[in-house]
Amino acid sequence: MSALTDLIYGGANAVAGLTEAAVAEAIRELGADKKAAFPDTAYFLPTIYAATGAKVQKLGDLPACVDVLKSLITNADDLGAALNAGLATAVGAEIIEALKYARSPAPYEGEGGIGFVPDPIIRSLGVPLVTGDIPGVAVVLGRASDPADAVRVVRDYQNKGILTFLVGPVIDQISSGGVRVGLDYRVVPLGHDVTSVIHVVTVAIRAALIFGNVQPGDLAGLLAYTKQRVPAFVNTFGELDAVTVSAGAGAIALGFPVITDIDLGENQVPGALVSVCDHSETVKTSLELRGIKIKAKKVELPVSFASAFEGEIIRKADCYAEFYSNKNPTCELVSFRKSEEVTDHKIEVIGGDIPENAGPSEIIELPLATIVDVYGAKMSADFEPVIERRIHSWFNYIEGVMHTGQRNQFRIRFSRDSFEKGLRLRHLAEVLYAMITDEFGSIVDKCQVTMITDGARVRQILEEEAMPRYRYRDERLASLTDESVDTFYTCILCQSFAPSHCCVVTPERLGLCGAVSWLDAKATYELNPAGPSQPIPKEGLIDSRLGAYKAVNEIVKEATHGALEEVTLYSLVENPMTSCGCFECICGLMPEANGVVVVNREYAGMTPTGMTFGELASMTGGGVQTPGFMGHGRHFIGSKKFISAEGGLIRLVWMPKELKEDVAERVNKTALELYGIENFTSMICDETIATDSEGVLAFLAEKGHPALGLEPIM
Ligand code: SF4
Ligand code: ZN
């Protein structure tokens, strides 16, 4: 037997023994009926569930899983068989980690890692992964001989937008090396025990279940999905023990290459297990092995610039300068100009850049107008807001800059640290120029950026140019209805995870991720005519109530490679739109109330359907139609087309309070216009009133909710 298979079996057998003993002990101690589950997931113990279909719910279910685990360890002298033993290690790790959760509701509290990653986080990663905003996932484990090397590697991943999970002592090496960690910074410590690596493995596995429609028990389908569609890889630092090696074998079985800094000589497996002893080569080799390409960003800045910094928060105490609409006049405006009005790459700061002389705890407060003028033969005024909305992300990519809001209502903070490194407003202007010409190069031929800090000038621009422009756009948007256009668009971005999913985007129904409006899809098509959004001519009306069109069916069938033949735009029950998995909200039938509930991803509590968001969500997704359940964007709730085939908005009987408040203005406006009902949201129940069926029904009856009087919803 080779030294490698030897090590893998050694590790797998050790884990099997440990797991068996730990399960027996836990059952003795806590009883076979004690709950065994991870928090906030609808996929039980995900590795076991996906691989075998077994729904573990209590400790008593585990001995059978240990038997499955042991059956995977054949000790046969063959690399393929040894990789299966690696999967056994993954199952063992999952059980050992599940026992931690059986013993304590929050075993990772104060442990310096996050442990299990809940379903909603995985769903929220869908869009950044498909757009390439997160180009890949790194798992870094072990202990580097020189901590500075590990810090450099992880920083490099961070600067490239890679999502990095840390396991073991490297967690402390990274956090004492000054790297900012947390999901917001895309560097996520999982846990110090090597078994905590399972928490990233189950992210990949649940991606297959959530987005890929892989059926539980279909191990071959699962392995094919993770190999083809989850761009993950593993880096190990320092000595390898047998358990780590067999866990690595599990990663390889899932299709994730392992790059180690130990010289394995002839035990290397080309493309799967590779030694890179020079840490300055680790990142490059890892990305090459997994086929991850990083788009070079052409911006020279005194600080880092990467999507990984998008969630960075700058607190008052760390702030050097602030541009805040509540204190000073501000605006952001992208305008489509005539060719002669734009000088390409002209950058101007009017009114002076950020002053140098702030006192040690003083925050400089300034007005700011960010004015971007673009010209392009293929540009249109409709694309102004599409570009303008990106300013938010681009500014946030800058390390040490925080941006919230848009238009004339925003707040920008510069950290003291970034200011001291030399970051100024002109750099922000350069960022806008570089990103606009890069991302919108096919519609923008020329671009100039002006940053103005002179309060009187800003106020004048705000009143004379910006506000009228915002008003004009709002009116244009309000006038855009499904009836007023002759083209809808597909979006198939999510097919990289959900191969048979296709969104149909119309003016009144945005993509279910909430990030793609009709104008966005139109711009995407103009930018890249062979890209993920294709036009659908509004032709061949079959049924106007359902929103069924021949042309929609044909193009969706083509876009889903035949997986989906008929889809309606406005129905929850008859051929509803499919869901990929990254929906902001899910709408589900509540038959006894003759209505529907809508739940958003952020809401972790129970709903009157007897299911949580995660449980509801697990019933739809993967690009299949599930009549009665449908993913959609937040903004869709207030649309006149919201389940209009079933009667529309007045079917809405329950929403989490936060969501209700967020959408109240639009919902109430639409309800008044369509049904003449004042303050409709006051009739909609929420979790502070009731989450059980009887409680909800009593509330609806008391309020005289109109759904109770409608014809049966099904
Ligand atoms: Fe994915 Fe649909 Fe959003 Fe496109 S519109 S990114 S397919 S969820
Ligand atoms: Zn999606």
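Thanks for coming. The model is predicted, so please keep that in mind throughout.

I will start with the sheets. One of them is open and has 4 strands, in the order S8-S11-S14-S9, with mixed pairing. At its edges are strand S8, residues 330-336, and strand S9, residues 347-350, and each of these pairs on one side only. From one strand to the next the twist averages 10 degrees.

What does "mixed" look like here, strand by strand? Take S11, which covers residues 368-375. S8 and S11 run parallel, joined by 7 bridges. Between S11 and S14, residues 446-452, there are also 7 bridges, but the sense is antiparallel. So, as a reminder, that sheet includes a parallel pair and an antiparallel pair, in keeping with the mixed label.

You can find individual partners on the screen. Cys-331 has Ala-369 in S11 as its bridge partner. Further along, Val-334 stands opposite Val-372 in S11. On the S14 side, Asp-373 is bridged to Gln-448. If you look along a strand like this, remember that in a regular strand the side chains alternate between the two faces of the sheet.

Is S11 mostly covered or mostly uncovered? It is mostly covered, with 7 of its 8 residues buried.

Another strand to look at is S1, residues 137-142. In S1, 6 of its 6 residues are buried. S1 pairs with strand S2, residues 163-167, in the parallel sense, over 5 bridges. Within that pair, Val-140 is found opposite Leu-166 in S2.

There is also an open sheet of 3 strands, in the order S16-S15-S17, and its pairing is antiparallel. The edge strands here are S16, residues 503-505, and S17, residues 535-537, each pairing on one side only. The twist in this sheet averages 35 degrees from one strand to the next. S15, residues 487-491, is joined to S16 by 3 bridges. Thr-490 stands opposite Val-504 in S16.

Next, the ligand. Which residues surround ligand 1? The shell consists of Cys-491, Leu-493, Cys-494, His-501, Cys-503, Gly-511, Leu-512, Cys-513, Val-516, Cys-580 and Cys-582. Sorted by class, that shell has 9 nonpolar residues, 2 polar ones and no charged ones.

Now the aromatic rings. A pair of aromatic rings is described by the distance of the centres and the angle of the planes. The count for this model comes to 16 aromatic pairs. One example is Phe-636 with Phe-642: the ring centres are 5.5 Å apart and the planes stand at 70 degrees, so this pair is edge-to-face. The cut-off behind that label is an angle over 60 degrees. Both Phe-636 and Phe-642 are buried.

Elsewhere, ring pairs link Phe-38, Tyr-101, Tyr-108 and Phe-116 into a cluster.

Two charged side chains also lie over rings. Arg-424 is over the face of Phe-419, at 3.6 Å from the ring centre. Lys-641 is over the face of Tyr-570, at 5.8 Å from the ring centre.

Last, some loop residues. Asp-40 is in the loop between helix H1, residues 3-30, and helix H2, residues 46-52. Asp-40 is not a glycine, yet its phi is positive, at about 55 degrees. Its relative accessibility is 33%, so Asp-40 counts as partly exposed.

Where is Arg-407? Arg-407 sits in the loop between strand S12, residues 401-406, and strand S13, residues 409-415. Arg-407 is not a glycine either, and its phi is positive, at about 50 degrees.

Along the chain, Glu-565 and Leu-190 are 375 residues apart, and their C-alpha atoms are separated by 42 Å.

That is the end of the talk. I can take questions now.

Note on methods. Residues numbered from 1 in each chain as written. Chains lettered and ligands numbered in written order. Predicted model: local features only at pLDDT ≥ 70, side-chain atom pairs only at ≥ 80, totals over all residues. Heavy atoms only, no water. Phe/Tyr/Trp six-rings, centres within 6.5 Å; stacked < 30°, edge-to-face > 60°. Buried < 20%, exposed > 50% of the residue type's maximum accessible area, 1.4 Å probe, protein only. Lys NZ or Arg CZ within 6 Å of the ring centre and 35° of its normal. Near = heavy atom within 4 Å. Nonpolar A, V, L, I, M, F, W, Y, C, P; charged D, E, K, R; others polar. Pairing = 2+ DSSP bridges. Helix = DSSP H or I, 4+ residues; strand = E, 2+ residues; numbered from the N terminus. Axes fitted to C-alpha atoms, helices over the stretch in contact; angles between N-to-C directions.
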